[in-house]
Amino acid sequence: MRPPAPSLVRPWLAHALPARGPRVQARVRLFASTSATRAEPQKVPVALISKVRAARPGTPLSLAKSALVAANNDLDAALAWISKQAAESGAKKAEKLASRTAEQGLVAVAVLADGTGQVGVRAALVELRCETDFVARTDEFRELAEGIARSLAYFAEPTTANSASASLTKLDTTNDLVLETPVVPSPARVAALAESGNSVAAAASQETVRSSLAQIVSRLGENIRLHRAASISLEPGLPSSSSSTTQPRYLASSYLHASKTPADAAASGVQSGTLGGLVLARLAAFPDGTARPETTEVKGLLRALARQVVAVPTESVRATAASAAEGEQSLALYEQPLITLAPSPKFEFEAGSKVADVLAKWSELRGLQQGQGLEVVEVARWELGAAEADAAE
């Protein structure tokens, strides 16, 4: 049997309702409605969703769409909305996971300016820890470790290069100045953003070290923390008033054992692995008439010294009372046999010589007196999982 038409039901309802009271009348009126007014869902252009996901890789499609709806299709506002949501969620999750052991992770080294070409030195070291090796091997974790190192090197407070200031500065990883440092995108991500039509500055401005850590905790569900960090920024030396000399130049070089960074990305000066080394050296002023070494030659020598620091446990440049027990391998770089550079026709020295003797020979071949050539100022050797006492150094 076909139900009666609405036009026939309504007169009967109107006749029957008065005797049933106002509450029943209201319910039946709602039941008898033939149509309901509903707001049309806002349309979100697919191109905008793609831009959100390009700016924030790993963002779920539904989240990107929800952010654009909440931001009325404003890209920058949508990115800020996602950052806020992820930061709040990640902060809560990080608080719950903070007591869990985090012994895996990566050491990242960034050398954005190595001192050649009179550009000064900008470098940083960081150790980012997580709970499992599975997370440590993900590209997302690696890129965050490298991004933090890149950012701390880029934003390091510059000082004029001199013997007193030419050293790594340990950073407090709980300090707001460190945690609120903007995360500088990698060259690969900058290219991807430009290709997708996104504003690089707008995308980068949404992320800080703090928010990035919160977001990766939210997505991966592990205790992830910045364990330690250090940076150095030296302005290039300026010519002195004398026309015959210039100021000493500071140079930096790094090396990563078992680097996890693709070769094309490593070309930007940032790498990560389980063991990293950084060498800071000073090249003395060269008097007129003395042949200055080629940049490639100096960089090659410093690269060998950085490899030496990684290959042999090294804690200092020169020997100290606690450097090593008698008969054991010295922990001082200058006391160690150089094992990472072989003699060549361009630079001949006795194989197996100590690092100090090799540097003295290098200076002698260029007509420089002892102590006036290439001198190592500081070394840093960071290994994943170092004891807390070592990490505090």
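Author: Start with a cut-off: a residue is called buried under 20% relative accessible area, exposed over 50%, and partly exposed in between. Keep in mind that this is a predicted model.

Reader: Is Asn72 buried or exposed?

Author: Asn72 has a relative accessible area of 59%, so Asn72 is exposed. Asn72 sits in the loop between helix 4 and helix 5 (75-97). Its phi is positive, about 55°, although Asn72 is not a glycine.

Reader: What is the phi of Asn73, and where does Asn73 lie?

Author: Asn73 also has a positive phi, near 65°, and is a residue other than glycine. Asn73 lies in the loop between helix 4 and helix 5. With 23% relative accessibility, Asn73 counts as partly exposed.

Reader: How do I describe two packed helices?

Author: Two packed helices are described by the angle between their axes and the distance between the axes. Here, the axes of helix 3 (residues 46-55) and helix 4 (residues 61-70) cross at roughly 115° and come within 9 Å. Helix 3 is therefore roughly perpendicular to helix 4. Their crossing is right-handed.

Reader: Which residues in helix 3 and helix 4 meet?

Author: From helix 3, Leu48, Ile49, Val52 and Arg53 meet Leu61, Ala64, Lys65 and Leu68 of helix 4. The residues of this contact divide into 6 nonpolar, 2 charged and no polar.

Reader: What does Val52 touch beyond residues up to four places away in sequence?

Author: Leaving those neighbours out, Val52 touches Ala64, Leu68, Leu75, Leu79 and Ile82. Val52 and Leu79 are 27 residues apart in sequence, yet their C-alpha atoms are 6.7 Å apart in space. Val52 counts as buried because its relative accessibility is 0%.

Reader: Where do nonpolar side chains tend to be in soluble globular proteins?

Author: In soluble globular proteins, they tend to be buried together. In this model, the largest nonpolar core has 29 residues, and Leu128, Phe141, Ile148 and Ile224 touch the most other members. Elements that each supply at least two residues of this core include strand 1 (104-114), strand 2 (121-130) and strand 5 (225-235). Helix 7 gives the largest share, 7 residues.

Reader: Which residues does Ile148 touch?

Author: Not counting residues up to four places away in sequence, Ile148 touches Val126, Leu128, Val209, Leu213 and Leu226. There is also a second, separate core of 23 residues, including Val317, Phe349, Leu359 and Val379.

Notes
Residues are numbered from 1 along each chain as its sequence is written. This is a predicted model: local features need pLDDT of at least 70, side-chain atom pairs count only at pLDDT 80 or more; totals for chains, interfaces and linings use all residues. Side-chain values use heavy atoms; hydrogens and water are left out. Axes are lines fitted to C-alpha atoms, for helices over the stretch in contact, and angles run from 0 to 180 degrees between N-to-C directions. Helices (H or I, at least four residues) and strands (E, at least two) are DSSP runs, numbered from the N terminus. Angles under 35 degrees count as roughly parallel, over 145 as roughly antiparallel, 65 to 115 as roughly perpendicular and the rest as oblique. A crossing is left-handed if the near helix is turned anticlockwise from the far one by less than a right angle, and right-handed if clockwise. Contact means heavy atoms within 4.5 Å. Ala, Val, Leu, Ile, Met, Phe, Trp, Tyr, Cys and Pro count as nonpolar, Asp, Glu, Lys and Arg as charged, and the others, Gly among them, as polar. A nonpolar core is a set of buried Ala, Val, Leu, Ile, Met, Phe, Trp, Tyr and Cys residues joined through side-chain atoms within 4.5 Å. Buried means under 20% relative accessible area, exposed over 50%, partly exposed in between (1.4 Å probe, protein chains only).
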